[in-house]
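Please look at the sequence and the structure first.

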Amino acid sequence: MKALTYLADSDEGRFLINEIYNRELQVQFNDQMKAGFNITDQVLHWDPKRGLTIVDKDGNPGAISPALVLAHELYHWFYNMPGDGVLEEELATAYEGRIARDLGEPIRPQYNSFYDRNPDPRVYDSTASGTKEGGWRAVKNGQIEAGPEYDPDVKLITNSKWEKDDPENPQSIDSYRRNRDREL
Ligand SMILES: [Zn+2]
C-alpha cells in the first residue's frame, strides 16, 4: 500500500508500520471522510482520499496527507488508546507531527489545530499534502512531485475563495459546511 511505503520513509513511521506485520490490524476503508480507531471492535477506519486541514505553529494553513492521518490512527491502535481523551490525542498528534517533520508535511502543533475556515480536502493520492506557500505535493513513483494533479477540486490552500464567507457563493465555506453536515 502506497501510504505505508510513504510513512516508512520516516523512522517514526517505520516503527509502527513494522508492528502492523507483527500484530493483527483490521482496516475498514471508506469514502465518507471518516477516520478513527474504534477501541471496542478494534477496527481502524480510514478514507485514503481525505486529507486534514491544519494550522501550523505560525498560524499558516495547510493540509496533511491521508497517509499521515492513517499514522495518527495507527498510534491509537498500537497503544489501544481511545480517540476521545485529551492526553491520548495530544500523544497521537505529537507522533503524527514527528512523521510530518520527517516527510516535510505541515505540522499540527496540537490536536485542535484545525484550520476552521478550510474544508478537509479530498485528494487523489494518499500521500498528498499542502501548504499555502508550497502548494500541493505527493509522492509519485518514489519521487516528490508537486502540482495541481494532487489538488482535484479543493484549491483550499491557495484559493482565496475560502477566505471569505459568502452566502451568494456556492463554493463558500458556509456552503461547504452545509454539505459536510449532510454528508457526515
Ligand atoms: Zn486521534
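Predicted model: local features only at pLDDT ≥ 70, side-chain atom pairs only at ≥ 80, totals over all residues.

Residues are numbered from 1 along each chain as its sequence is written.

Helices (H or I, at least four residues) and strands (E, at least two) are DSSP runs, numbered from the N terminus. Leu-7 belongs to helix H1, residues 2–7. Leu-7 counts as buried because 26 other C-beta atoms lie within 10 Å; the cut-off for buried is 20 or more, with C-beta atoms placed from the backbone. The C-alpha atoms of Leu-7 and Thr-127 are 8.8 Å apart, although 120 residues separate them along the chain.

| Residue | Contacts |
|---|---|
| Leu-7 | Gly-13, Ile-17, Ala-67, Ala-71, Ile-99 |
| Ala-71 | Leu-7, Gly-13, Leu-16, Glu-96, Ile-99 |

A nonpolar core is a set of buried Ala, Val, Leu, Ile, Met, Phe, Trp, Tyr and Cys residues joined through C-beta atoms within 7 Å. The largest one has 30 residues, and those touching the most other members include Ala-71 and Ile-99. Helix H3 (66–79) is among the elements giving two or more residues to this core. H3 supplies the largest share, eight residues.

Five strands form an open sheet in the order E4-E5-E6-E7-E8, with antiparallel pairing; strands pair if DSSP finds at least two bridges between them. E4 and E8 are the edge strands, each pairing on one side only. E5 and E6 (residues 129–131) are joined by two bridges, and Ala-63 has Gly-130 in E6 as its bridge partner.

Technical notes. Buried ≥ 20, exposed ≤ 12 C-beta atoms within 10 Å, placed from the backbone. Contact = placed C-beta atoms within 7 Å. Lists of a residue's contacts leave out its neighbours within four places in sequence.
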